[in-house]
Amino acid sequence: MKKVSILIVAMMMACVCVNAQKYTKSTVKGIANGFISTLMEGNVKGTLGFFDPDYVAEQHDSFLEGRTEQFVAEFLCGNVKKGFYDMTPELNRIKSMKVKKTCCNLETGEIYADVKILMDYGVTYIVRLDMKITESGELRFIGAVG
């Protein structure tokens with residue numbers, strides 16, 4: 001039984017490693033742009049598919065009791081004027097979003113997209129959307145819990 005367990009774990013790790021190798025900065029940008037498109041179309045519930053399922057279960061489902069707009073707005077919280085104050089956007093007031101920079105360093109696990117958000121009242125800020133490779137080998141957003 002122990003050998004079977006070790007074999008299963010080894011096969012899962014190999015699958016994760018193979019999937020991890022397929023991710024690049026271009027992939028990160030594509031996922032971020034997909035999230036942006038979904039959000040800008042007004043499909044807030046649809047954005048949940050871009051997040052790590054464990055993060056959604058803990059933060060969205062449990063802590064926020066399924067309040068999707070609050071979950072996404074808090075995920076998009078960022079610093080205005082280099083840390084002068086934090087900005088949590090009203091989602092319906094976002095005028096535009098654009099990916100400015102991506103990182104996909106699989107050795108360090110540093111995977112993110114920096115997104116510039118413009119509000120309809122003129123405030124602009126940058127938010128870092130951190131990502132991780134899930135146990136199933138998919139690249140998904142992850143954020144703070146609590």
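Guide: Gladly, and let's begin with a term we will need at once: two strands pair if DSSP finds at least two bridges between them. Please keep in mind that this is a predicted model.

Visitor: What makes β3 and β4 a pair?

Guide: The count of bridges does. Strand β3 (residues 94-105) is joined to β4 by 10 bridges, and the cut-off is at least two, so the two strands pair. They run antiparallel. Within this pairing, Lys 101 stands opposite Asp 114 in β4, and Ile 94 faces Met 119 of β4.

Visitor: What lies between β3 and β4?

Guide: Four residues separate them, and the two strands form a hairpin. In its turn, Gly 109 has a positive phi of about 80°.

Visitor: How do you know that β4 also pairs with β5?

Guide: By the same test: seven bridges link β4 and β5, and at least two are needed, so this is a pair too. Its sense is antiparallel. Ala 113, for instance, has Leu 129 in β5 as its bridge partner. The hairpin of β4 and β5 has four residues between the strands, and there Gly 122 takes a positive phi near 100°.

Visitor: Why is β4 described as mostly covered?

Guide: β4 spans residues 110-119, and seven of its 10 residues are buried. Buried here means under 20% relative accessible area.

Visitor: Where does Tyr 55 sit, and what makes Tyr 55 and Phe 71 a tilted pair?

Guide: First, the rule on distance: ring centres must lie within 6.5 Å. By this rule the count comes to 10 aromatic pairs. In one of them, the rings of Phe 35 and Phe 141 have centres 5.1 Å apart and planes at 70°; over 60 degrees counts as edge-to-face, so that is the name for this pair. Phe 35 lies in helix α2 and Phe 141 in strand β6, so the pair ties together parts that are 106 residues apart in sequence. Both of these residues, Phe 35 and Phe 141, are buried.

Now to your pair. The centres of the Tyr 55 and Phe 71 rings are 5.3 Å apart with planes at 45°, which falls between the limits of 30 and 60 degrees, so the pair is tilted. Tyr 55 belongs to helix α3 and Phe 71 to helix α4, so the parts tied together here are 16 residues apart in sequence. Tyr 55 and Phe 71 are both buried.

Visitor: Which residues form the aromatic cluster?

Guide: Phe 35, Phe 50, Phe 51, Tyr 55, Phe 71, Phe 75 and Phe 141 form one cluster.

Visitor: What do the buried residues of α4 pack against?

Guide: Helix α4 (residues 68-75) has Thr 68, Phe 71, Val 72, Ala 73 and Phe 75 as its buried residues. They pack against α2 (25-40), α3 (53-63), β5 (124-133) and β6 (139-141).

Visitor: How do you know that Arg 128 sits over the ring of Tyr 112?

Guide: The distance from Arg 128 to the ring centre of Tyr 112 is 3.6 Å, and the limit is within 6 Å. Arg 128 lies over the face of that ring.

Visitor: What is the overall pattern of the chain?

Guide: There are four helices and six strands, in the order α-α-α-α-β-β-β-β-β-β along the sequence. Of the 146 residues, 38% count as buried.

Visitor: Which helix has the lowest mean confidence, and which the highest?

Guide: Among the elements of the chain, helix α1 (residues 2-21) has the lowest mean pLDDT, 45, while α2 has the highest, 98. Over residues 1-18 the pLDDT is below 50, and this stretch has four contacts in the model beyond near neighbours in sequence. The chain as a whole averages a pLDDT of 87, with 82% of the residues scoring at least 70.

Key:
Residues numbered from 1 in each chain as written. Predicted model: local features only at pLDDT ≥ 70, side-chain atom pairs only at ≥ 80, totals over all residues. Heavy atoms only, no water. Buried < 20%, exposed > 50% of the residue type's maximum accessible area, 1.4 Å probe, protein only. Contact = heavy atoms within 4.5 Å. Phe/Tyr/Trp six-rings, centres within 6.5 Å; stacked < 30°, edge-to-face > 60°. Lys NZ or Arg CZ within 6 Å of the ring centre and 35° of its normal. pLDDT = per-residue confidence, 0-100.
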